[in-house]
Amino acid sequence: MEAIPYGRQSLDSDDIDRVTDVLRGDWLTQGPAVAAFEEAVASLCDVPHAVAFSSGTAALHGAAFAAGVGSGDVLLTSAITFAASANCGVYLGAEPAFADIDPETFNASAETVSAAMNERVRAVVGVDFAGLPAPVEEIRRAVGDDVALIVDASHSLGALHPDERPVGCCDHADMATFSFHPVKPVTSGEGGMVTTRSVELADRLRRFRTHGFVREPADLRRSGEGAWYHEQHDLGFNYRLSDIHSALGLSQLGRLGHFVERRNEVAARYREALAGVEELELPPAAPAGGRHGYHLFVVRHRSGEAARRALYDALREEGILVQVHYLPVYWHPLYAERFGFCEGLCPAAEAYYRSCLSLPCFPGLGEADQGRVIEAVGRLAPAVA
Ligand SMILES: *Cc1c(COP(=O)(O)O)cnc(C)c1O
């Protein structure tokens, strides 16, 4: 029997046609597809500005740069996230810090962020873990207006806050970032985006994406040069997204609503079928008014570490490629050794990590395959307890 991955892209012939259209055209990069993709994401998120990047990691790096994060500063994020949510501050010479998770949501909360705050925190990166929007409004109230608030929305494009506003709307955050890696809500192969309401932040993001170059005559330090003239003001990178990638992302975006609906259907079936498996704790659902993105469907084994390990091994043995998301970021040796983090810093995150397992959850997960997962989980979770 074929292996079932935990996540996988859904491409159709339209996606392929849009990409080959670009390959037959004049622009492989920096052409019209990038701007069209940016406009479509801005419109979906109901924000004035969206800036495309070559990956979600580059988008986070750009957002932390635009927020002014540098050496001497602290960048605070959730202990349970992909390392890039914290790496973006380390790239800029900042020190990382971590907020524990709320075990009810698996997200950092206003309380856990407040408990981890200090006067050197320049930016807080909230994470919409598994596709459930972080409580941005409460976190903003807790940290005040002098701290930059960035949402790592890599898991949650297409999800809604409890007030029915779209993820990425930046009603309370300064910026939100997205990833278009193949397992994410929509894919461009590789790719990322930052949304913001601030024209200044959007300018800084665009500049950072292309080496730190400045071309607008009003902004140049030296005058009287010709039309070719440009200056480098910041140490930026080449973080541009190509037109090839943008065309795929734009085409995928047209099916985002369908993808999120399918993920919610997969989650609903797991909830119903696994409700009677007493050894498992099912993940938090979206609050009233909200919509979960279900990038991940994470169960926790109530018997803890040894049972989770045995369940992981047994499911993998049967070709069900469950995953563990994530190790507390500060456990990584780079973080522990360079910054002196120790086990025990975030107890809820560590207990979560020792029990969690991500089941296959993606739009193209067929009924029979999901049935196979449900049968195996229902049989093995009690057996390993
Ligand atoms: C995927 C992901 C990223 C990084 O995105 P890439 O496009 O792979 O660089 C950052 N943060 C989170 C939470 C992610 O899941």
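The model is predicted, so local features need pLDDT of at least 70 and side-chain atom pairs count only at pLDDT 80 or more, while totals for chains, interfaces and linings use all residues. Residues are numbered from 1 along each chain as its sequence is written, and side-chain values use heavy atoms, with hydrogens and water left out.

Begin with the sheet, which is open and is formed by seven strands in the order S1-S7-S6-S5-S4-S2-S3, with mixed pairing. Helices (H or I, at least four residues) and strands (E, at least two) are DSSP runs numbered from the N terminus, and two strands pair if DSSP finds at least two bridges between them. Select residues 49-53 and then 95-99 to see the edge strands S1 and S3, each of which pairs on one side only. Direction ignored, neighbouring strands of this sheet are turned by 20° against each other on average.

Next, select strand S2, where five of the five residues are buried, buried meaning under 20% relative accessible area, exposed over 50%, and partly exposed in between (1.4 Å probe, protein chains only). S2 pairs with S3 in the parallel sense over five bridges, and Thr-77 has Phe-98 in S3 as its bridge partner. From S2 the chain crosses through H4 to S3 in a right-handed β-α-β crossover; right-handed means that, with the strands pointing away from the viewer, the path from the first strand over the helix to the second runs clockwise. S2 also pairs with S4 in the parallel sense, over four bridges, and here Leu-75 has Ala-123 in S4 as its bridge partner.

Now select strand S5 (residues 148-152) together with strand S6 (residues 175-179), which pair in the parallel sense over three bridges; Val-151 has Ala-176 in S6 as its bridge partner. Contact means heavy atoms within 4.5 Å, and axes are lines fitted to C-alpha atoms, for helices over the stretch in contact, with angles from 0 to 180 degrees between N-to-C directions. Helix H6 (residues 136-143) also packs on the sheet, touching S4 and S5, and its direction makes about 155° with that of S5.

Finally, select Arg-309, which lies in helix H10 (residues 305-317) and is exposed, with a relative accessible area of 60%.
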